[in-house]
Amino acid sequence: MVISFQQHIVQEQNHLLGSSVELQWLLSGIILASKLIQSQVRRAGLVDILGALENTNVQGEIQQKLDVYANETLITCFRQRASVGVIASEENEHPILLRRGSSDAQYAIIFDPLDGSSNIDVAVTIGTTFSIFCRPENADADDPLQWVLQPGSKQVAAGYVIYGSSTVLVYSVGNGVHGFTLDPSIGTYILTHENIRMPEQGGYYSINESYVAKFPGHYVEYINKLKSGALGKSYSSRFIGSMVADFHRTLLRGGIFLYPATGDFPEGRLRLLYEANPIAFLAEQAGGAATNGERRILDIEPTHLHQRSSFVVGGKFEMEEFERCAREAREKDDILTNQKRSRVEYTG
Ligand code: P6P
């Protein structure tokens, strides 16, 4: 049976928080925006949309033209939806406040318009991530940050669109994870991955090993376990440099994706609100887990829009093994700290 994304949103209405009709209309904005974006992604090299603009974005990263196009397309599509009160983007320093004080405006949407954009010029898979919150009960209608600085556990919907060998939209409203593949011949997203479950144990690990000398020790120890077969099977390494693509493989094939804090990024490389949160929401909905190396991503109370976080996401088995490594490392540190303290006390 052929089910479109639009039909699926309607079927999910009993699971939609807030006004289901409004959330359905809001989610349909993803359909329009992602079709427009993918049409340019597929033609990037042909319509001189390739290449970098002179200016840089709030992250200090060279903005690719396609980044700008994707960002403007998403903002235009969501600005038209009366239920959207706040829009926040990786490309914009501050959130955009819409419909000041309107009772219809009840949702905030946060997105990374084109994650992995450094891969655009080399035709490697990139993606759009999105995260949707209801306006908090006591939020000041004039302070858009109060709408978006919420823990990921408060998301009412989240997902991504991956522009790879095909264009796939993956989302959840808290009732499982579902994937839809765009059929370009009819311009419709068709349900192709119903109720995705992340394999308990997979065969891949994904990390940028060029930074291994900067990783905390227990990450190195864990990766070596994966490599050596100590966890009961041999793992292959895959790292694309587009978190959405690396996660999509992890979601479907299992395994683990890790991006720990390093000297260059002491808080972590990935952004909490529009990379880690939506992916963590999906991972948990699919039976996996996501942490910052120490605690559940969805429990983290954000303090600013573009804050970064360490990020570890994967299947049940790999995540439990990683937690074990991290816990043993903390216990060793505690023992060493106590030994040093007793030496100081002894020598007085
Ligand atoms: P590096 C893309 O810019 C991104 O935010 C993630 O999608 C990706 O996993 C990471 O950065 C890659 O960063 O420094 O390892 O190339």
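**Sheets, helices and surface**

Modeller: In this predicted model, strand 5 and strand 6 run antiparallel and are joined by 7 bridges.

Colleague: What makes strand 5 and strand 6 a pair?

Modeller: Two strands pair if at least two bridges are found between them, and strand 5 and strand 6 are joined by 7 bridges, so the pair meets the definition. Within this pairing, Ala108 stands opposite Phe133 in strand 6, and Phe111 stands opposite Phe130 in strand 6.

Colleague: Which way do strand 3 and strand 5 run, and how many bridges join them?

Modeller: Strand 3, residues 84-89, runs parallel to strand 5, and 5 bridges join them; one example is Val86, whose bridge partner in strand 5 is Ala108.

Colleague: What makes strand 5 "mostly covered"?

Modeller: A residue is buried when its relative accessible area is under 20%, and 9 of the 9 residues of strand 5 are buried.

Colleague: In what order do the strands of the open sheet of 8 strands lie, and which are its edge strands?

Modeller: The order is 4-3-5-6-7-8-9-10, with mixed pairing, and the edge strands are strand 4 (96-97) and strand 10, each of which pairs on one side only. Helix 3, residues 65-79, packs on this sheet and touches strand 3, strand 4, strand 5 and strand 6, while its direction makes about 160° with that of strand 5. Helix 7, residues 272-285, also packs on the sheet, touching strand 5, strand 6, strand 7 and strand 8, and its direction makes about 100° with that of strand 7.

Colleague: Why is helix 7 described as largely enclosed?

Modeller: Helix 7 is described in this way because 12 of its 14 residues are buried, among them Leu272, Tyr274, Pro278 and Phe281. Just after helix 7, Gly287 takes a positive phi of about 95°.

Colleague: How do strand 9 and strand 10 pair, and what lies between them?

Modeller: Strand 9, residues 178-183, and strand 10, residues 188-193, pair in the antiparallel sense over 5 bridges, and Phe180 has Leu191 in strand 10 as its bridge partner. The two strands form a hairpin with 4 residues between them, and Gly187 in the turn has a positive phi of about 65°.

Colleague: Why is Leu182 called buried?

Modeller: Leu182, which is placed in strand 9, has a relative accessible area of 9%; the limit for buried is under 20%, and therefore Leu182 is buried. Leaving aside residues up to four places away in sequence, Leu182 touches Lys35, Gln38, Thr167, Gly187, Thr188 and Tyr189.

Colleague: And how do you know that Val122 is exposed?

Modeller: Val122 has a relative accessible area of 54%, and exposed requires over 50%, so Val122 counts as exposed. Val122 lies in the loop between strand 5 (107-115) and strand 6 (126-134), and together with Val124 and Ile240 it makes a nonpolar surface patch of about 210 Å².

Colleague: What makes strand 12 and strand 15 the edges of their sheet?

Modeller: The sheet in question is an open one of 5 strands in the order 12-11-13-17-15, with mixed pairing. Strand 12 (236-237) and strand 15 (289-291) each have a single partner strand, so one side of each is left without a neighbour in the sheet. Strand 15 pairs with strand 17, residues 311-314, in the antiparallel sense over 3 bridges, and the bridge partner of Ala289 in strand 17 is Gly314. Helix 5, residues 217-228, lies across strand 11, strand 13 and strand 17, running at about 155° to strand 13.

Terms used: Residues are numbered from 1 along each chain as its sequence is written. This is a predicted model: local features need pLDDT of at least 70, side-chain atom pairs count only at pLDDT 80 or more; totals for chains, interfaces and linings use all residues. Side-chain values use heavy atoms; hydrogens and water are left out. Patches are made of residues with over 30% relative accessible area and no salt bridge: like charges are joined within 9 Å, nonpolar side chains (Val, Leu, Ile, Met, Phe, Trp, Tyr) within 5 Å. Accessible areas come from the Shrake-Rupley method with a 1.4 Å probe; for residues, only the protein chains shown count as cover. A salt bridge is a side-chain nitrogen of Lys or Arg within 4 Å of a carboxyl oxygen of Asp or Glu. Buried means under 20% relative accessible area, exposed over 50%, partly exposed in between (1.4 Å probe, protein chains only). Contact means heavy atoms within 4.5 Å. Axes are lines fitted to C-alpha atoms, for helices over the stretch in contact, and angles run from 0 to 180 degrees between N-to-C directions.
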